[in-house]
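Colleague: Here is the model to go through. Please take the contacts and the disulfides in turn.

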Amino acid sequence: MALSCPSQPDCSRNFGVSPFVNMISNDLGYQQSAFPCCSLIPCCACPIPCPPCPMQPVCSVTTGTAASITDTTAIIMNNMFSPTCPSVTQVGVEYCFDPSFSCSLQSISAPPSPFAAQLTGLSPSTVYYYRAFADTACGRMYGQTLSFVTQAPSPPATVTTGTPTNVTSFAATIVNNTYANVAGTITEVGVEYSLSPLLTSPLSATSAISTPFSVPLTGLTPSTTYYYRAYIVANGTYYRGNIASFSTLA
């Protein structure tokens, strides 16, 4: 997309000289005007009354493709501007849920072409319109408008506490503990247990990483009520299930 050329003087009198120079007359004869007949700015085309002047190269911007789309982020890859774009100082991508770009959101990148732009803070399950731009000596030049749809919200991670089996005076096994929708790498699964209903200062026992998983509890006290819950650790974050209880035998 090219901007219109700046206002030009009347170029109808070239008098057979270079089409890039407008001649005016005074008492001393013809002299060269300080104004060019045609704009020399590369992105501007030759105005009409100067048919002898050549058309100037046009600055073009190409909008890239949306990739790595999540519910809140996306990357716009392979945006480009042509070598004929003069004095490019800044590039980026404008984006909005409105095709008229009323949001005025933009992601700024470095000028080399091609370039990528990271979009963040997006809303899930939303259509976004976007276009690449390049700020040049002729102003901001735009590429074509494209669109993408963000993903639905990620379901929350869940941990479900299992049930006690093989309960004796000194031991029990918590079976069928499960987890789902956990992002990241799981490094630990287990059961926390305590004499407190709030699991204050709990003990813990671990198990092999799988779902469902079972955890044996040993060294318990006879005729005692224990409170427990399943837990997992993923990327350093703890996810815990509901609190349940059982009582050991006499």
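Modeller: Contact means heavy atoms within 4.5 Å. The model is predicted, with local features needing pLDDT of at least 70, side-chain atom pairs counting only at pLDDT 80 or more, and totals for chains, interfaces and linings using all residues. Residues are numbered from 1 along each chain as its sequence is written, and side-chain values use heavy atoms, with hydrogens and water left out.

Colleague: Leaving aside its neighbours within four places in sequence, which residues is F246 in contact with?

Modeller: Sequence neighbours within four places are set aside here. The partners of F246 then include P164, V167, A172 and I174. The list also holds L217, L220, T224, T225, Y226 and Y228.

Colleague: How many disulfides does the structure hold?

Modeller: A disulfide is a pair of cysteine sulfur atoms within 2.5 Å. C59 and C85 form one, with their sulfur atoms 2.0 Å apart. Another joins C96 to C103, S to S 1.8 Å. The number of disulfides held by the structure is 2.

Colleague: How many residues apart in sequence are the parts that C59 and C85 tie together?

Modeller: C59 lies in the loop between strand 2 (29-36) and strand 3 (61-62). Strands here are DSSP runs (E, at least two residues), numbered from the N terminus. C85 lies in the loop between strand 5 (74-81) and strand 6 (90-96), so the parts tied together are apart in sequence by 26 residues.

Colleague: Why is the disulfide of C96 and C103 called right-handed?

Modeller: The handedness is read from the torsion about the S-S bond. The disulfide of C96 and C103 is right-handed because that torsion is about 60 degrees.

Terms used. Helices (H or I, at least four residues) and strands (E, at least two) are DSSP runs, numbered from the N terminus.
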